[in-house]
Amino acid sequence: MKNEIFNKFSNFKDFNLSDIELYKYKVAEKINFLTIEQREEILKKANYNLFNIPSKYITIDLLTDSGTNTLSDLQLSYMMLYDESYAGSISYERFIDAAKNFCNKEFIFPVHQGRAAEKILAEILTKPGDIVISNTHFDTGFAIYKHFKATPINIPTPYYKDEKYNFKGNIDLEKLEELLKNGNVSHVVMTITNNALGGQPVELNNLKQAYEITKKYNRIFVIDGCRIAENSILYKRITNSNKSIKEIIHDYTQYCDIFYMSTKKDGIAHMGGFIATNNKELVPKIRQLVILYEGFPTYGGLSGKDMEVIAKGLEEVLDEDYLNYRINQVKFLGDLLKNIGIPIIEPVGGHAVFVNASKFIQHLKPEDYLAQSLVIELYRLGGIRSVEVGYLMYSKDAIMNLVRLAIPRRTYTYKHLEYVAYIFSLIKDNINNLKPYRVLEADELVPHFTAKLAPVS
Ligand SMILES: Cc1ncc(COP(=O)(O)O)c(C=O)c1O
């Protein structure tokens, strides 16, 4: 809509309407600025792990786009219509209608967040020794499958490092068939977009082929679709599709047995998720575990207020004005960083800019936790919180060493992002100051959340 208006007003030719925020403030939250000395003390106390830093000490929080979304005025209004009945609330009905409309599946089970869905699916689908294949599992699924004594395997497209390749979220179809032929694969998970490899989109045709190969071997095919709306706008732009976002999402979801999503992402909510399927045989299995772990299936760990927010969020995320603004804002930060010579994953994906830390920091090795070293410096100099996606998160299974700058939805302005780029320029000028780190201790399955680190002197 915004672009259509723009085209009508040729006297706007010197000003691109897509460069202006699509939203205005209705509630304001003051940002805190500390001194570098204060932040150095805070870092020491936090054992150089940014998950341990209280948010009041953060200036710009790009740790995650998960649950950090700014709610719309309509979401807040609908929240007040909540029905907190244990069974069969009106909020549940609105939630179910919105989830069905979004993913086009018949049976929907609310859960409290994405990893709850992963735990339930791991329990239903895997037994010890099984292999679970993915284009790239995200950290929670990866850890949960390991916890269930299965082996998660990532087989991204061989082109995932090719800057000219538009669908770097794809899966390697040859390897998929090989593994299905030879191994004890329980199921296949397509993560859409591919978060761990740069929020990169998955191509519809790649998904279709992956689904067909998986069905040839009679295995279950799952979509982790927490950013499928962002995937769909990227797909629409790349392919010049005339379809609506909803139609594109449905084109994708037709190729799976189970669709699940954390609604903390494209649900534009603070909490929640759901599991969806058309497979009647799976329904009692899912329902039983939802009752055991989450709650009665008409709330599944969510309050009526959460379900109202998600129902509206799943509707708002289909708006192309919103999605264009969202993708443009992420690209804006990517372009700023690129212009000052920071190596990023290109093309920029859906929800975050990923800095290629190995390319940026040449004097350190992955075993020095080089990407975490950059995460620490971004906080020390600018109070910016980001997250390492590399050796600390995945240890020797790390495919790349990246720093993810995840952009919360509808939260920061273009000026905030310019500040982030400015801090990067300072780091670049003194790149050799970045120190190696070592891990003193960490929990086995989720090291990045729990690690205590120290600089190597
Ligand atoms: C691709 C992907 N899948 C699953 C999850 C887990 O969702 P949640 O944080 O709601 O448990 C995340 C969270 O970041 C994610 O990015």
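Predicted model: local features only at pLDDT ≥ 70, side-chain atom pairs only at ≥ 80, totals over all residues.
1. The seven-stranded sheet. Seven strands make up an open sheet with mixed pairing, and their order is β2-β8-β7-β6-β5-β3-β4. At its edges stand β2 (107-111) and β4 (151-154), each of which pairs on one side only. Direction ignored, neighbouring strands of this sheet are turned by 20° against each other on average.

2. Strand β3 (residues 131-134) is joined to strand β5 (residues 185-191) by four bridges, and the two run in the parallel sense. Within this pairing, Ser134 has Val189 of β5 opposite it.

3. The three-stranded sheet. A further open sheet consists of three strands in the order β9-β12-β11, with antiparallel pairing. Because β9 (352-356) and β11 (387-389) are the edge strands and each has a single partner strand, one side of each is left without a neighbour in the sheet.

4. Three bridges link β11 with strand β12 (residues 402-406) in the antiparallel sense. Val389 has Leu402 in β12 as its bridge partner. Helix α13 (residues 320-339) lies across β9 and β12, and its direction makes an angle of about 25° with β9.

5. The α7 and α8 pair. Helix α7 (residues 173-182) packs with helix α8 (residues 204-216) at an angle of about 15°, and their axes are 10 Å apart. Angles under 35 degrees count as roughly parallel, and α7 and α8 are therefore roughly parallel to each other. Their crossing is right-handed. On the α7 side the contact involves Leu173, Leu176, Glu177 and Leu180, which meet Gln209, Ala210, Ile213 and Thr214 in α8. By class, the residues of this contact are five nonpolar, two polar and one charged.

6. Which residues come nearest to the ligand? Of the 14 residues around the ligand, these are Gln113, Gly114, Arg115, Phe138 and Ser262. Two helices, α5 (114-125) and α6 (139-147), each contribute at least two residues to the shell around the ligand. The shell comprises nine polar, three charged and two nonpolar residues.

Terms used: Residues numbered from 1 in each chain as written. Near = placed C-beta within 6 Å. Nonpolar A, V, L, I, M, F, W, Y, C, P; charged D, E, K, R; others polar. Pairing = 2+ DSSP bridges. Contact = placed C-beta atoms within 7 Å. Axes fitted to C-alpha atoms, helices over the stretch in contact; angles between N-to-C directions. Parallel < 35°, antiparallel > 145°, perpendicular 65-115°, else oblique. Left-handed = near helix turned anticlockwise from the far one by under 90°.
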